Amino acid sequence: MPRPTAAQLAYGSFTVIFSTLAMLLLSQTSSGLGIAVVAFAALALGLLVSLTVPQPKSRAAATARATAEAAPAPALVPQRRRVPVRRETVSAAVLSAEPVRERSTP
């Protein structure tokens, strides 16, 4: 069984102390049985709170998670093939369709 962390001990202790005080003040009981019930309820509540505090992750698990998040995701979309573009040659007849205008010298 793993040892409780400092956070678990602190949260559980504070819960027991403050819930005991609150329940004793609100119930205004003075009998021994009433005080025992309040104390037992406060201990149960403190145990519940201390067990629900999240556990710290080990360094190995944190490192593995960081590396998994930093790794690039594999490409699911297939890459497109490159198709060579054909360049059609322009015939001389098309080029000579418009006459070339030269500047005349004055």
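Predicted model: local features only at pLDDT ≥ 70, side-chain atom pairs only at ≥ 80, totals over all residues.
The backbone oxygen of Thr-15 lies 2.5 Å from a polar atom of the Ser-19 side chain. Ser-19 is part of helix α1. With a relative accessibility of 11%, Ser-19 counts as buried, because the cut-off for that class is under 20%.

Next, select Thr-20 and Val-16. Here a polar atom of the Thr-20 side chain lies 2.5 Å from the backbone oxygen of Val-16. Thr-20 also sits in helix α1, which covers residues 6–27. Is Thr-20 buried or exposed? Its relative accessibility is 19%, so Thr-20 counts as buried, the limit being under 20%. Beyond residues up to four places away in sequence, Thr-20 touches Thr-15, Val-38 and Ala-42.

Now go to the aromatic rings. How many aromatic pairs does the structure hold? There is one. Phe-14 and Phe-18 form this pair, and it is stacked, with 6.3 Å from centre to centre and 25° between the planes. Those are the two quantities to set up in the viewer, because a pair of aromatic rings is described by the distance of the centres and the angle of the planes. Why are Phe-14 and Phe-18 separated by about one helical turn? The two residues are four apart in helix α1. Phe-18 counts as exposed, since its relative accessibility is 55% and the class begins over 50%.

Leu-21, like the previous stops, can be found in helix α1. Leu-21 has a relative accessible area of 48%, so the residue is partly exposed.

Move on to Gln-28. Where is this residue? Gln-28 is in the loop between α1 and α2, the latter being residues 32–52. Check its backbone: phi of Gln-28 is near 55°, a positive value in a residue other than glycine. Most residues other than glycine have a negative phi. Gln-28 has 69% relative accessibility and therefore counts as exposed.

The protein has four helices and zero strands. Read from the N terminus on, its elements run α-α-α-α. Colour by relative accessibility next: of the 106 residues in the protein, 10% are buried. Ser-19 and Thr-20 are among them. With the surface turned on, the accessible area of the protein comes to about 10,400 Å². Carbon and sulfur atoms account for 65% of that surface.

Note on methods: Residues numbered from 1 in each chain as written. Heavy atoms only, no water. Buried < 20%, exposed > 50% of the residue type's maximum accessible area, 1.4 Å probe, protein only. Polar contact = N/O pair within 3.5 Å; in protein donor to acceptor, adjacent residues only side chain to side chain. Contact = heavy atoms within 4.5 Å. Areas by Shrake-Rupley, 256 points an atom, 1.4 Å probe, with all protein chains shown as cover. Phe/Tyr/Trp six-rings, centres within 6.5 Å; stacked < 30°, edge-to-face > 60°.
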